[in-house]
Amino acid sequence: MITNKKEFSKELIKGILKLVIAGILIGVLKQHDLVIALLLILKIFHNIYIEIIKPKQNKNWLLLIGMFLTGFGGIIGETWGVSNNYWEYHEVSRALPLWLPFAWMLAFHYLYKLERNLIPYLVNKSQKNKIILAIVLALIFPAFGEVITIKLGVWTYYWPYQILGVPLYAFACLVFVHMLVYIILHYVCKKFKIKDKVYA
């Protein structure tokens with residue numbers, strides 16, 4: 001149950017618009033992977049400044065941990081997938097574009113911020129409901145972003161059973177990576193008694 005459907009919907013629409021802009025940006029600049037990498041690095045530094053450097057109190061170190069974990073896990077998955085010819089990036093001179101780890105890092109921040117903004121509108125903010133929300137968002141939003149970049153020719157999946165170019169295996173992998181990081185950060189919050197709206 002949602003307390004304020006209008007505000008909840010507004011947050012979802014904002015999230016969709018951010019994905020569309022990011023997807024188009026990567027699609028248009030796909031031949032210039034260094035340029036995309038530099039833009040994404042600037043966005044990461046901006047996020048770190050807003051969440052960690054700028055606040056005098058309540059510095060969000062979980063953001064940094066989550067971004068590094070997701071970036072690391074994402075690159076392991078990307079290396080495995082490309083080396084096994086499960087998918088392929090186009091119009092770049094290397095197997096893996098330079099911007100990939102930074103895109104994974106920002107994917108974590110994107111989902112984290114979306115969850116953080118939506119949780120206040122849940123009637124029951126139990127850990128179970130937070131996990132359900134996280135799974136639903138991780139299942140839908142990253143895949144939606146992938147549809148945009150796939151249609152703009154950034155990469156192609158060769159796995160079967162595809163929906164708009166995104167295979168079912170990819171949906172499962174995206175949820176797995178996000179929820180693995182979710183579980184790790186939940187236990188970090190529990191162990192160090194960190195009060196976080198998403199993980200605590």
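Which residues is Glu-51 in contact with, leaving aside its neighbours within four places in sequence? In this predicted model, local features need pLDDT of at least 70 and side-chain atom pairs count only at pLDDT 80 or more, whereas totals for chains, interfaces and linings use all residues. Residues are numbered from 1 along each chain as its sequence is written, and side-chain values use heavy atoms, with hydrogens and water left out.

Glu-51 is in contact (heavy atoms within 4.5 Å) with Asn-58, Lys-59, Asn-60, Leu-63, His-109 and Arg-116, once its neighbours within four places in sequence are left aside. Glu-51 lies in helix α2; helices (H or I, at least four residues) and strands (E, at least two) are DSSP runs, numbered from the N terminus. With a relative accessibility of 11%, Glu-51 counts as buried. The classes used here are buried for under 20% relative accessible area, exposed for over 50% and partly exposed in between, with a 1.4 Å probe and protein chains only.

Leu-40 is also found in helix α2 and counts as buried, at 12% relative accessibility. Trp-99, Phe-102, Ala-103 and Leu-106 are touched by Leu-40 when residues up to four places away in sequence are not counted. Leu-40 and Lys-6 are 34 residues apart along the chain, and their C-alpha atoms are separated by 31 Å.

Helix α1 covers residues 5–28, 24 residues in total. From its first C-alpha to its last, α1 reaches 34 Å, close to the 34 Å expected at 1.5 Å a residue; the expected span is 1.5 Å times one less than the number of residues. The buried residues of α1 are Phe-8, Glu-11, Gly-15, Leu-19, Gly-23, Ile-26 and Gly-27. These buried residues pack against α2 (33–53), α4 (100–118) and α5 (127–151).

Ala-143 lies in helix α5 and is buried, with a relative accessible area of 4%. Not counting residues up to four places away in sequence, Ala-143 touches Val-166, Phe-171 and Leu-174.

Helix α6 spans residues 168–192 and contains Cys-173. The 25 residues of α6 should span 36 Å at 1.5 Å a residue, and its end C-alpha atoms are 36 Å apart, which agrees. Just after α6, Lys-193 takes a positive phi of about 50 degrees. Cys-173 is partly exposed, with a relative accessible area of 35%, whereas Cys-189 is buried, at 3%. The C-alpha atoms of Cys-173 and Gly-15, 158 residues apart along the chain, are separated by 21 Å. A search of the whole structure finds 0 disulfides, a disulfide being a pair of cysteine sulfur atoms within 2.5 Å.

Positive phi values also occur in loops. Glu-91, in the loop between β1 (87–89) and α4, has a phi near 60 degrees, a positive value in a residue other than glycine. Glu-91 counts as partly exposed, at 43% relative accessibility. Leu-164 is found in the loop between β3 (162–163) and β4 (166–167), with a phi near 55 degrees, again positive in a residue other than glycine. At 54% relative accessibility, Leu-164 counts as exposed.

The second largest pocket has a volume of about 260 Å³. Of the 13 residues that line this pocket, the closest to its centre are Lys-59, Asn-60, Ile-194, Lys-195 and Asp-196. A pocket is an open set of points on a 1 Å grid over the protein atoms alone, where a 1.4 Å probe fits, with protein on both sides within 12 Å along at least five of seven lines; lining residues have an atom within 4 Å of a point. Grid points are joined across faces, edges and corners, and the volume is the space filled by probe spheres set on the points. Helices α3 (61–83) and α4 each supply at least two residues of the lining, and α3 gives the most, with 3 residues. The lining divides into 6 nonpolar, 2 polar and 5 charged residues. Here Ala, Val, Leu, Ile, Met, Phe, Trp, Tyr, Cys and Pro count as nonpolar, Asp, Glu, Lys and Arg as charged, and the others, Gly among them, as polar.
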